[in-house]
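Please read them alongside the coordinates.

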Amino acid sequence: MGLSIKSIWNYKCPKCRKGDLFIKPFLFSKPLDMPKYCAVCGQDFEPEPGYYYGAMFLSYIVFTTIMLPLALLMVFYFKWSVNASMGIVIAISIICFFKILRGARALWIHIMIKYDPKVIKH
Ligand SMILES: [Zn+2]
C-alpha cells in the first residue's frame, strides 16, 4: 500500500484516511493546530515531542525545489530583474507558506504511519 497523494493533499489521517489531521476551520492564528488523536481511529498525531522536526526540513526542501527554479526562470527566461523576481517569489511564498507547511507535516506522518483499513471496521 503506497502513499495516498489524495489523503496527503486533503490532510487526512495516514492510518484510516478518514479523520482530519488539522483542526477545522483553518485559523491564521493557529495554522498548524492538530488534534492530539485522530477522531476516527484514535491514531496519535504526535507520538513523541519534536516529531515534526523532520517535516520542517522536508518543507524546506519542497520550498526550495519549487521556488528556486521559479526565480531562475523569471531571471533568465523572462529577463526580469533579480529584485522583481525575488519580490514575486516572496509573495508566492507567503501565499503558499501554510499550504507547504501543512503539506509537509501531512507527508511526514504518511511516511511514518502506514495505512490500515482494518481500523475503521470496528
Ligand atoms: Zn485515523
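1. How many helices and how many strands does the secondary structure of the protein chain come to? The model is a predicted one, and in it the protein chain has three helices and zero strands, the elements running α-α-α from the N terminus on.

2. On overall form, the radius of gyration of the protein chain is 17 Å, well over the 14 Å that the globule rule gives for 122 residues, so the chain is more spread out than a compact globule. Taken along the principal axes, the C-alpha atoms fill a box of roughly 60 × 35 × 25 Å. Of the 122 residues, 17% count as buried, and among contacts between residues at least 6 apart in sequence, 58% join residues at least 24 apart.

3. Two packed helices are described by the angle between their axes and the distance between the axes. Here α2 and α3 pack at about 150°, with their axes 9 Å apart; since angles over 145 degrees count as roughly antiparallel, that makes α2 roughly antiparallel to α3. The crossing of the two helices is right-handed. On the α2 side the residues that meet α3 include A55, L58, V62, F63, M67 and L70, while those contributed by α3 include V82, M86, V89, I100, A104 and W108.

4. The largest nonpolar core has twelve residues in all, among them I8, C13, C16, L21, F22, C38, F45 and A55. Helix α3, which spans residues 82-112, gives the most to this core, with four residues. A55, A104 and W108 belong to the core and are also listed where α2 meets α3.

5. Is M34 buried, partly exposed or exposed? This residue is found in the loop between α1 (5-9) and α2 (53-76), and because 20 or more neighbours would be needed for a buried residue, M34, with 19 C-beta neighbours inside 10 Å, counts as partly exposed. Leaving aside neighbours within four places in sequence, M34 is in contact with L21, F22, I23, F45 and E46, of which L21, F22 and F45 are members of the largest nonpolar core. The C-alpha atoms of M34 and M67, which are 33 residues apart along the chain, are separated by 27 Å, and M67 is one of the α2 residues that meet α3.

Notes:
Residues are numbered from 1 along each chain as its sequence is written. This is a predicted model: local features need pLDDT of at least 70, side-chain atom pairs count only at pLDDT 80 or more; totals for chains, interfaces and linings use all residues. A nonpolar core is a set of buried Ala, Val, Leu, Ile, Met, Phe, Trp, Tyr and Cys residues joined through C-beta atoms within 7 Å. The radius of gyration is taken over C-alpha atoms; the globule rule is 2.2 Å times the number of residues to the power 0.38. Two residues are in contact if their C-beta atoms, placed from the backbone, lie within 7 Å. Axes are lines fitted to C-alpha atoms, for helices over the stretch in contact, and angles run from 0 to 180 degrees between N-to-C directions. Angles under 35 degrees count as roughly parallel, over 145 as roughly antiparallel, 65 to 115 as roughly perpendicular and the rest as oblique. A crossing is left-handed if the near helix is turned anticlockwise from the far one by less than a right angle, and right-handed if clockwise.
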